[in-house]
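Could you show me around this structure, one selection at a time? I have the viewer open and would like to know what to click next and what I will find there.

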There are 2 protein chains.
Amino acid sequence: MELQTNTIKEIKRLKIIPEFEKSAFTIINHLQNSKNLLLVTHTNPDGDAIGSCLALYHYLTQKNKNVTFILQSPIPTNLQFLNGIDKIHFLLNQNNFKISPDFDTIVVLDLNDISRLKTLRDEIELSKATKIVIDHHQEPKDFADYYLIDTTASSTGEILFKLLRKDSSINWTKEICESLYVAIMTDTGNFRFERTDGEVHRIVAELIDYGADPVKLYNEVYNKIPFNAAKLMGLGYSKLESYYGGKLVVMPIRHKDFLETNTQEEDTEGFVESLLSIDGVVMSILIMEVVERNEIRVSIRSKGDYSARNLALNFGGGGHINAAGCRFQNADFEVTKQKLVDKASEILY
Amino acid sequence: MELQTNTIKEIKRLKIIPEFEKSAFTIINHLQNSKNLLLVTHTNPDGDAIGSCLALYHYLTQKNKNVTFILQSPIPTNLQFLNGIDKIHFLLNQNNFKISPDFDTIVVLDLNDISRLKTLRDEIELSKATKIVIDHHQEPKDFADYYLIDTTASSTGEILFKLLRKDSSINWTKEICESLYVAIMTDTGNFRFERTDGEVHRIVAELIDYGADPVKLYNEVYNKIPFNAAKLMGLGYSKLESYYGGKLVVMPIRHKDFLETNTQEEDTEGFVESLLSIDGVVMSILIMEVVERNEIRVSIRSKGDYSARNLALNFGGGGHINAAGCRFQNADFEVTKQKLVDKASEILY
């Protein structure tokens, strides 16, 4: 056995994709020459969407740019602690919003399909500003001037980090690092989803070195379950049903459960995903009675190749392979549940 | 704004503690000159204890050493997937075990107090083998020949990684990397506890590059909740009680809850910690009725400076500042619960 005299092994460098590097260089150059910038992201924004927009917002204001960050949906409660949230321009239910001709650049983050911009779509299409897309989703649509896309990236936050580091004079402030940390943390499920590779951890290492506090940020984002929602979750778990040798679990939540815990639909956030932590489960179904709309609402999650989407499609719903949903109007709760369980067998076997 | 021509910033190197480096060099040298090694760790071993021992076991067998890894407790179910588990020599309830004089080296991992070795204590003290301690806990006791200690490290796995990288000819096999990944992942609560710094993420990045699969390892360790335990958790959550403006939550689990879900005490693993995810909670108490022993068993967890230990001490229990417990014999459930809640006010205000 040989012993190293230089005991510290050279850390692997971040991987370089030539085309990505070229785009990044073009875009960081364009940003420095811009004066008035508009930042937009998708509706129902998640941690990656909001974190990435805020990081870019903080960077651009550091560079003395005029920046407007528009959101078309409210911000989830657990992300409202982020620095800069008070600077967001909210555009809720306003269909007649006009994008000022003063904007020379529009940056679209965590989104590559203009149709997901809903009411802003036409305005952005008509705008003469330079349009830049920074995103990690599959199949980008052709509507922008510049694209910084890496579909193998864990998150838009990861891509934005690689863009911003092209600016050697950047000041990695705590607010930039916290925003990027939250973007990456949420889109990797706290470093446990597919695409969490060595590169993600090396970027996160730098963000922590520059001032992001992993303990605080985890607490802010994940340790915010409302007490009543925790009780509702308890009722759901206590009534869990297991099928097909434990491959499928079903959580029924009835109207009286909401009443008993003084909760609403939104309080079930995260329930159906959490069921995948049960030993042997490859598919989970949350079935909720929403009497206000005479509706039975169904959320489906799955692991690997088992398709939640295919189950939902059977009932007029949709979604992704591992996260989908559907709704039933004026239907019987128990009958609907049984239909779902029966149909699931086609996917699980 | 200046643009970097060399766009990839030099990654920060791992921090170097001179004394630590010197010890590591001495110890890796000693290991290569050893022939017969015994590895031991504490009773009720966790992921860091087992992961670190297995990583060292795999490394030493790679170096053609004779290695014996002794455990005095069974292995938690969720760690039994680890490669090498079948090589462990179990020493359960054997008080007359003799350590062979053939061992030239004993390595004690994730432990620095010989008294925690229980029945092995005297044997190790009497053994003439060279004793090495690799650990990250506070206040090491004086019983070994060599120490590799860093009390600021996240885990023993982190320290062991830094030791093994001193051997330039090491083959970072998948089994070594998986063991170290599990050690670090479990002791950092999946990268969210105090001491999760940039260095931890850089080490984890290397382990992933060398073949540790973060998705698989997370699933193996954390997504193994037994179905019945999930139902028991549901019953507990559905009966949650909140005190002092939400700073304290109490989860009562009665004998009938165990009966109804066909579960046992061990199935409550993780319940009391999970309560700290509820918004505003700084202390959580799990109070369980164990009729087999006429006992009420109490687990307490807390955040920051709020002392779970101080609450437990009031009732003859003990533990750490953020994790403690106590037991009551032949006591009334409701009366005991009220005593705990009342006493907690002294800590919370």
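Predicted model: local features only at pLDDT ≥ 70, side-chain atom pairs only at ≥ 80, totals over all residues.

**Stop 1: where the chains meet**

Now look for charged partners. There are four salt bridges between chain A and chain B. To see one of them, show the side chains of Arg202(B) and Asp209(A), where a nitrogen and an oxygen are 3.0 Å apart. Polar contacts also cross the interface, with 14 residue pairs found between chain A and chain B.

**Stop 2: a buried strand in chain B**

Next, select residues 248-253 of chain B, which form strand 8. Is this strand enclosed or open? Six of its six residues are buried, so strand 8 of chain B is largely enclosed by the rest of the structure. Show the side chains and follow their directions: Leu248(B), Val250(B) and Pro252(B) point one way, while Val249(B), Met251(B) and Ile253(B) point the other way.

Strand 7 (residues 241-243) of chain B runs antiparallel to strand 8 of chain B, and three bridges join them. One pair to click on is Tyr243(B) with its bridge partner Leu248(B). These two strands form a hairpin with four residues between them, and there Tyr244(B) takes a positive phi near 55°.

Strand 8 of chain B also pairs with strand 9 (residues 283-290) of chain B, this time running parallel, through six bridges. Here, Val249(B) has Ser284(B) as its bridge partner.

**Stop 3: a mixed sheet in chain A**

Move to chain A and show its strands. Six of them make an open sheet in the order 7-8-9-10-12-11, with mixed pairing. Strand 7 and strand 11 (318-319) of chain A stand at the edges with a single partner strand each, so one side of each has no neighbour in the sheet.

Within this sheet, select strand 9 (residues 283-290) and strand 10 (residues 295-302) of chain A: they run antiparallel and are joined by eight bridges. Click on Ser284(A) and then on its bridge partner in strand 10 of chain A, Arg301(A).

**Stop 4: a parallel sheet in chain B**

Go back to chain B for another open sheet of six strands, in the order 3-2-1-4-5-6, with parallel pairing. At its edges are strand 3 and strand 6 (146-149) of chain B; each has a single partner strand, so one side of each is left without a neighbour in the sheet.

Strand 1 (residues 36-40) and strand 2 of chain B are joined by five bridges. Zoom in on Leu37(B), and you will see Val67(B) of strand 2 opposite.

**Stop 5: a serine in a loop**

Select Ser73(B), in the loop between strand 2 (66-71) and strand 3 (89-90) of chain B. Why does Ser73(B) count as buried? Its relative accessibility is 4%, and buried means under 20%. The side chain of Ser73(B) reaches the backbone nitrogen of Asn44(B) at 2.7 Å. Residues that Ser73(B) touches include Thr43(B), Pro45(B), Phe90(B) and Leu92(B).

**Stop 6**

- Asn330(A) lies between strand 12 (323-329) and helix 12 (333-348) of chain A. Asn330(A) is exposed, with a relative accessible area of 63%.
- Tyr244(A) is in the loop between strand 7 and strand 8 (248-253) of chain A. Its phi is positive, near 55°, and Tyr244(A) is partly exposed at 23% relative accessible area.
- Phe191(B) is in the loop between helix 5 (174-187) and helix 6 (198-209) of chain B. Phe191(B) has a positive phi near 70° and is buried, with a relative accessible area of 0%.

Technical notes. Residues numbered from 1 in each chain as written. Chains lettered and ligands numbered in written order. Heavy atoms only, no water. Polar contact = N/O pair within 3.5 Å; in protein donor to acceptor, adjacent residues only side chain to side chain. Buried < 20%, exposed > 50% of the residue type's maximum accessible area, 1.4 Å probe, protein only. Pairing = 2+ DSSP bridges. Contact = heavy atoms within 4.5 Å. Lists of a residue's contacts leave out its neighbours within four places in sequence.
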